[in-house]
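Here is a short briefing to read alongside the model. Please keep the sequence and the 3D view at hand as you go.

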Amino acid sequence: MTSSQAGRLTDHRASRCPDPFEILDDVHCILIDPFIARTYSEALAFCKSHGGQLVAVETDDLINIYDYINEEEFVMKQNYWLGASDAAKEGSWLWEHNKGQVPMGVPYWHYGEPNNGNTYNCAILHVSYNHRWVDVPCTSKYMTICLRTA
Ligand SMILES: [Ca+2]
């Protein structure tokens with residue numbers, strides 16, 4: 001462990017974000033698991049068990065979350081679930097945590113996404129497209145980002 005990593009650990013332990021969350025910004029704590037792939041429902045349960053929610057990328061949070069992911073190469077090289085689905089009504093993407101409408105189009109989604117209809121009702125932050133979003137089957141397995149209020 002480098003001294004800067006040790007410093008980060010000390011900082012977040014003294015912070016308002018409960019372990020194992022770290023500070024993302026003034027409003028949010030973040031928890032990333034880049035090691036264990038989960039289905040969408042498993043990822044939802046994982047975040048809930050830690051008192052958080054699967055990541056919902058509101059406009060103001062977009063830069064902070066992407067900056068955080070890109071801080072470490074291994075973390076940057078994974079695909080992550082987005083906490084949203086269109087399972088209830090095809091083409092109507094809603095956030096999991098508040099059932100609000102998910103923004104559509106670029107720069108949130110990758111060009112032409114979402115595009116796979118009734119069988120693709122979940123979405124990921126796709127590593128090949130700078131973590132722009134792509135729809136996928138909810139039963140596939142990807143990594144997890146949780147958020148909670150600081
Ligand atoms: Ca769909």
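Buried means under 20% relative accessible area, exposed means over 50%, and partly exposed lies in between (1.4 Å probe, protein chains only). This is a predicted model, in which local features need pLDDT of at least 70, side-chain atom pairs count only at pLDDT 80 or more, and totals for chains, interfaces and linings use all residues. Residues are numbered from 1 along each chain as its sequence is written, and side-chain values use heavy atoms, with hydrogens and water left out.

- Asn-121 is buried, at 14% relative accessible area, whereas Gly-117 is partly exposed, at 25%.

**Strands 6 and 7**
- Strand 6 (residues 122–125) pairs with strand 7 in the antiparallel sense over four bridges; pairing requires at least two DSSP bridges between the strands.
- Within this pair, Ile-124 stands opposite Val-134 of strand 7.
- Strand 7 (residues 133–136) is covered on both faces, with Trp-133 and Asp-135 buried on one side and Val-134 and Val-136 buried on the other.

**Overall fold**
- The protein has four helices and eight strands, taken as DSSP runs (H or I, at least four residues; E, at least two) numbered from the N terminus.
- Their order along the sequence is α-β-β-α-β-α-α-β-β-β-β-β.
- Of the 150 residues in the protein, 42% are buried.
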